[in-house]
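Subject: Structure handover

Hello,

Here is the structure for you to look at. My notes follow below it.

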Amino acid sequence: KIASVCAQPERVVGMHWSNPPHLIPMIEVVPGERTAQTTVDATCELVRAFGYHPVVEKEVPGFVENRILYAILRECLDLVDRGIIDPEGLDLNVRWGIGYKLAVIGPMELLDMAGLDIYQAVGSYLNQDLSTSAEVSSTIRGLIDEGRLGMKTGGGIYDYTPERVELRYGVRPDQV
């Protein structure tokens, strides 16, 4: 849509930074339908120039990374909403389980490593039980109603002091 009103649509390209951008060295590079390959190449070189990894992909609502992330977040929140696990336990489970795993092996490689037959066997029953809700979690809606929006308000699921934010994430709360 942006390129449609530009005089030179071949020069329009999207760059989607991942949060927190000072810690995640990957940027999605999203060319439009009329973006020139030279624009894509120049953007990728720019990303590499400051030591990050460009990932070129087609445009899709939310970009690829957010689509995967929001599928994970939806399932995490469903498990918390249903009382299966508390937020602290969930964070530990994901951080030291799937998060640690996916930091060293991508999901497509993981499928090959585990075996596609294993994925089919487990997916045939587990996929039916995963959340497919199109609604935002009741936990999230309740916190928003209380004015708890996350770090920027000093609390969301967890409470945040300026010292905790800076110590844990390396940024001041006003930078979030």
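**Overall picture**

Of the 176 residues in the protein, 21% count as buried. Please keep in mind that this is a predicted model. The protein has 7 helices and 3 strands. Reading from the N terminus, the order of elements is β-β-α-β-α-α-α-α-α-α. The C-alpha trace spans about 50 × 50 × 30 Å along its principal axes.

Two further totals for the protein. It exposes about 12,800 Å², and carbon and sulfur atoms supply 59% of that. Take the contacts between residues at least 6 apart in sequence: 47% of them join residues at least 24 apart.

**The nonpolar core**

Which residues make up the largest nonpolar core? There are 6: Ile 27, Val 29, Val 40, Cys 44, Val 47 and Tyr 52. Helix α1 gives the most, with 3 residues.

Val 29 is then in contact with Val 13, Gly 14, Val 40, Thr 43, Cys 44, Val 47, Pro 54, Val 55, Val 56 and Glu 57. Val 40, Cys 44 and Val 47 are on that contact list, and these three also belong to the core.

Now Thr 39. This residue is found in helix α1, which covers residues 37-49. Is Thr 39 buried or exposed? Thr 39 counts as buried, because its relative accessibility is 14% and the cut-off for buried is under 20%. Beyond its neighbours within four places in sequence, Thr 39 is in contact with Glu 10, Arg 11 and Val 13. Val 13 is in contact with Val 29 as well.

**Aromatic pairs**

The structure holds 4 aromatic pairs. One of them joins Trp 17 and Tyr 52: the ring centres are 6.0 Å apart and the planes are at 55°, so this pair is tilted. The pair links distant parts of the chain. Trp 17 is in strand β1 (residues 13-17), while Tyr 52 is in the loop between α1 and β3 (53-56), 35 residues apart.

How do the two partners compare in burial? Trp 17 counts as partly exposed, at 40% relative accessibility. Tyr 52 counts as buried, at 16%.

Tyr 52 also pairs with Phe 50. Their ring centres are 5.4 Å apart and their planes are at 65°, so this pair is edge-to-face. Phe 50 is partly exposed, with a relative accessible area of 37%.

**The surface patch**

Where is nonpolar surface found as a patch? Val 64, Ile 68, Ile 72, Ile 98 and Leu 102 make one of about 360 Å². The elements that give two or more residues to this patch are α2 (63-81) and α3 (87-104). Helix α2 gives the most, with 3 residues.

Ile 98 is found in helix α3. Ile 98 is partly exposed, with a relative accessible area of 36%.

Best wishes

Conventions: Residues are numbered from 1 along each chain as its sequence is written. This is a predicted model: local features need pLDDT of at least 70, side-chain atom pairs count only at pLDDT 80 or more; totals for chains, interfaces and linings use all residues. Side-chain values use heavy atoms; hydrogens and water are left out. Helices (H or I, at least four residues) and strands (E, at least two) are DSSP runs, numbered from the N terminus. Buried means under 20% relative accessible area, exposed over 50%, partly exposed in between (1.4 Å probe, protein chains only). Contact means heavy atoms within 4.5 Å. A nonpolar core is a set of buried Ala, Val, Leu, Ile, Met, Phe, Trp, Tyr and Cys residues joined through side-chain atoms within 4.5 Å. Patches are made of residues with over 30% relative accessible area and no salt bridge: like charges are joined within 9 Å, nonpolar side chains (Val, Leu, Ile, Met, Phe, Trp, Tyr) within 5 Å. Accessible areas come from the Shrake-Rupley method with a 1.4 Å probe; for residues, only the protein chains shown count as cover. A salt bridge is a side-chain nitrogen of Lys or Arg within 4 Å of a carboxyl oxygen of Asp or Glu. Rings of Phe, Tyr and Trp (its six-membered ring) pair if their centres lie within 6.5 Å; planes under 30 degrees apart count as stacked, over 60 as edge-to-face and the rest as tilted.
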